Amino acid sequence: MLFWDVLAAAAAGALTGAGVGGGSLLLLYLTLAREIPQLEAQGINLLYFLAASGPALFFHLKNGLVRRQGGLWAACFGAGACLLGSWLAGLLDPIWLKRGFGVVLLVMGARQLLGGKQGREAEQDS
């Protein structure tokens, strides 16, 4: 299974770099293919994100794609939200985490299919 795990992590990383939600795909792999419980899979995904976010932030700052002050605020609030979300996830029954994750994926997918281009154009205009 190690080969498939490494392949899935590399694919998730490549897709994340391309702007696709690689973390969501990694969660699907962990829960469906590896049958890892949802809460554990989310923890693994957060560790994966921590490892990937440092180099991504470095290169985005280097290429002028992130405003330093905005990035600092986002990092601070993002870290706090991760801690709060992890704590709240520990209080919930795992079935609700699975259902909530499924709803989020459906909404994100529908938004991308139905209004993705309009959403990107609106973001560029602002």
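Over the ring of which residue does the charged end of R99 sit? In this predicted model, the charged end of R99 is placed over the ring of W96, at 5.1 Å from the centre of that ring.

The protein chain contains five helices and zero strands, and its elements, read from the N terminus, follow the order α-α-α-α-α. Of the 126 residues in the protein chain, 14% are buried. When contacts between residues at least 6 apart in sequence are considered, 50% of them join residues that are at least 24 apart.

Helix 3 supplies the largest share of the lining, with 16 residues. Sorted by class, the lining comprises 20 nonpolar and 15 polar residues, whereas charged residues are absent from it.

Apart from its neighbours within four places in sequence, Q38 makes contact with T31, P94, L97, K98 and F101. N45 likewise has its place in helix 3, and its relative accessibility of 14% falls under the 20% limit, so that N45 also counts as buried. When neighbours within four places in sequence are set aside, the residues in contact with N45 are G23, L26 and L27. The C-alpha atom of N45 is separated by 9.8 Å from that of G22, although these two residues stand 23 residues apart along the chain.

In helix 4, attention falls on G71, which has its place in that element. The relative accessible area of G71 is 17%, and G71 is therefore buried under the 20% criterion. Between the C-alpha atoms of G71 and H60, which are 11 residues apart along the chain, the separation is 9.9 Å.

With a relative accessibility of 65%, which lies over the 50% cut-off, E35 counts as exposed.

Aromatic pairs form a further group of features, and the structure holds three of them. In one of these pairs, the ring centres of F3 and W4 are 5.2 Å apart and the ring planes stand at 75°; because an angle over 60 degrees defines the edge-to-face class, the pair is assigned to that class. F58 and F59 also form an edge-to-face pair, with 5.0 Å from centre to centre and 75° between the planes. As regards accessibility, F3 reaches 57% and so counts as exposed, the cut-off being over 50%. F59, by contrast, has a relative accessible area of 45%, which lies between the limits of 20% and 50%, and F59 is therefore described as partly exposed.

Key. Residues are numbered from 1 along each chain as its sequence is written. This is a predicted model: local features need pLDDT of at least 70, side-chain atom pairs count only at pLDDT 80 or more; totals for chains, interfaces and linings use all residues. Side-chain values use heavy atoms; hydrogens and water are left out. Helices (H or I, at least four residues) and strands (E, at least two) are DSSP runs, numbered from the N terminus. Ala, Val, Leu, Ile, Met, Phe, Trp, Tyr, Cys and Pro count as nonpolar, Asp, Glu, Lys and Arg as charged, and the others, Gly among them, as polar. Rings of Phe, Tyr and Trp (its six-membered ring) pair if their centres lie within 6.5 Å; planes under 30 degrees apart count as stacked, over 60 as edge-to-face and the rest as tilted. Buried means under 20% relative accessible area, exposed over 50%, partly exposed in between (1.4 Å probe, protein chains only). A charge sits over a ring if NZ of Lys or CZ of Arg is within 6 Å of the ring centre and within 35 degrees of the ring normal. Contact means heavy atoms within 4.5 Å.
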